[in-house]
Amino acid sequence: MTSTFSKRLRESLIKSKGSVEVAGSGVTNIFPSTRRLQSGLPIPTLPLWLKDFAISIYHRGRGWSPDKGSEKNEAFRKQTKEPSLVSTGKNAGASRVEWMQHYALVVHEWRRDFFHSSLNTHFGLVVAFICLVYTATFFLFGVFWWAELAEDNSCVENSNGQEGFANGHILSVITAQTIGYGNTWPNECWQGAWLLIVHQVFAMILNAVTVGIIFSRVSFPQQRGRTIAISDTAIIARRDGILKFMFRIADIRQTQVIAPRVKACLYTWGPPRYTAEGERIPAKIENLDIGYIDGMLLLPLVEEHNIDERSPLCGHTHETLMAANAEIVITFEGTTEFGNDFMARQSYLPNELRWGHCFKDMLGFPAPGTSQYTIDFSGFHEVLPLIGFENLKQSQACQQTIHGDPNSIPYPLLNENTFVISSSMVLNHGTEREHPRLQFRVGDTYPNQHVGITVRALIYRWMDRDAAGVPQVPMHACFSASDPLREFICMYQRIVVSLQ
């Protein structure tokens with residue numbers, strides 16, 4: 001009965017909202033759009049913000065978060081036991097490199113870098129450790145105060161006449177927290193005074209360290225990285241004929257990130273390379289040049305890396321990336337408005353690269369009567385196949401993407417030359433009253449970008465004799481004597497056309 005009611009309640013929460021599934025994952029994103037209520041149980045309509053909150057909590061329990069996406073890729077990695085340097089899914093960005101001397105290094109970290117070790121520890125463990133330290137401190141000094149009560153009552157005034165350990169423990173807590181003495185308090189005695197001094201100094205140091213750790217942990221700038229979303233799937237596809245590696249990033253918060261930076265590195269583990277000196281280099285680390293990044297991050301941004309002759313991905317296919325155990329690691333770095341640096345990280349294995357796909361559109365133009373642009377975050381991690389790539393396997397989509405469409409024209413960069421000139425010329429006979437005409441074709445692949453266009457054609461003339469009168473090979477020897485264009489072709493051999 002309870003499970004049926006919970007199911008109906010969950011369905012009612014997403015009434016008039018929808019479900020959008022992450023491609024191939026079966027995990028429904030938050031902020032869905034339309035879904036029918038299949039239950040006849042009447043349930044009161046909830047506010048929209050409460051529906052979104054309930055749905056986000058529901059999907060968070062199923063392993064989905066806005067910044068890290070679903071756990072589909074993480075589950076696939078565990079199932080296939082694919083090695084990776086950086087985690088994805090729930091623990092996206094965490095390093096998976098394991099040091100052999102783990103315990104010795106952990107001890108060294110806590111001894112030499114206690115503060116940062118505490119900050120990088122799980123917050124629940126930090127709170128539990130602090131509670132344990134306070135409890136042990138109260139117990140330790142409780143033993144000392146109990147000894148004072150039992151040894152000499154003149155150092156500690158006890159109006160109720162009780163000298164048990166509980167009384168000493170209570171006196172320890174009261175002294176450390178300065179909440180005011182009750183029936184028991186220190187008297188005029190140097191032994192009790194020194195114990196009081198030591199206890200107070202130790203308590204102040206412990207309070208200062210505890211407050212510093214908790215405050216730094218709560219305001220840890222790395223938590224700002226949880227509001228930077230990096231798509232859990234990357235794309236290798238063509239844009240305007242250019243082969244590109246693409247991924248999407250977005251800033252969920254409305255506050256601006258100062259000086260955002262994005263880095264991408266390709267790690268390959270093929271056969272080791274040996275230097276000229278005989279040094280063995282097992283892994284190859286290459287930087288992927290990322291193009292323009294919007295410094296404001298007002299809208300979700302698809303970052304691009306051109307795969308050309310200078311790219312480390314040039315020549316790679318799905319099969320070669322799999323054979324090399326390739327991994328692409330994306331690092332986002334930025335500074336908060338308070339001046340604290342933070343980062344977010346994501347990694348992609350070859351099976352997490354979608355060939356011939358594109359990211360789902362998530363931007364909305366202001367509706368009539370409104371002035372705000374909208375972003376449907378449900379499609380942030382979702383990718384869709386391009387036309388002609390539906391139902392293709394990874395290897396097939398890879399080959400089709402690499403070969404591309406020969407008729408596509410690349411989109412020009414700023415100040416890029418977009419003029420084109422035909423690769424051949426046409427020589428017309430002309431009419432009886434006209435001379436033969438030499439024709440060629442010029443054009444602009446992206447018109448309306450240039451003004452004052454000038455076309456010049458330079459003809460380089462080659463005579464059948466050089467300046468000294470020495471005969472040269474007659475160019476008309478390859479033409480029949482009946483060809484009426486023989487004299488023209490013999491005189492004009494090379495023509496250079498310039499378009500400005």
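Which strand gives the most to the lining of the largest pocket? That is β12, with four residues. The views below come from a predicted model, where local features need pLDDT of at least 70, side-chain atom pairs count only at pLDDT 80 or more, and totals for chains, interfaces and linings use all residues. Residues are numbered from 1 along each chain as its sequence is written, and side-chain values use heavy atoms, with hydrogens and water left out.

**View 1. The largest pocket has a volume of about 1,000 Å³.** A pocket here is an open set of points on a 1 Å grid over the protein atoms alone, where a 1.4 Å probe fits, with protein on both sides within 12 Å along at least five of seven lines; lining residues have an atom within 4 Å of a point. The volume is the space filled by probe spheres set on the points, which are joined across faces, edges and corners. Of the 31 lining residues, A92, G93, A94, S95 and Q222 are the closest to the centre.

**View 2. An open sheet holds four strands in the order β9-β6-β11-β12, with antiparallel pairing.** Strands are DSSP runs (E, at least two residues) numbered from the N terminus, and two of them pair if DSSP finds at least two bridges between them. At the edges, β9 (284-288) and β12 (341-348) each pair on one side only. Strands β6 (residues 258-268) and β11 (residues 327-335) share eight bridges; look for A264, whose bridge partner in β11 is I330.

**View 3. C398 is buried, at 0% relative accessible area.** Buried means under 20%, exposed over 50%, and partly exposed in between (1.4 Å probe, protein chains only). C314, at 39% relative accessibility, is partly exposed.
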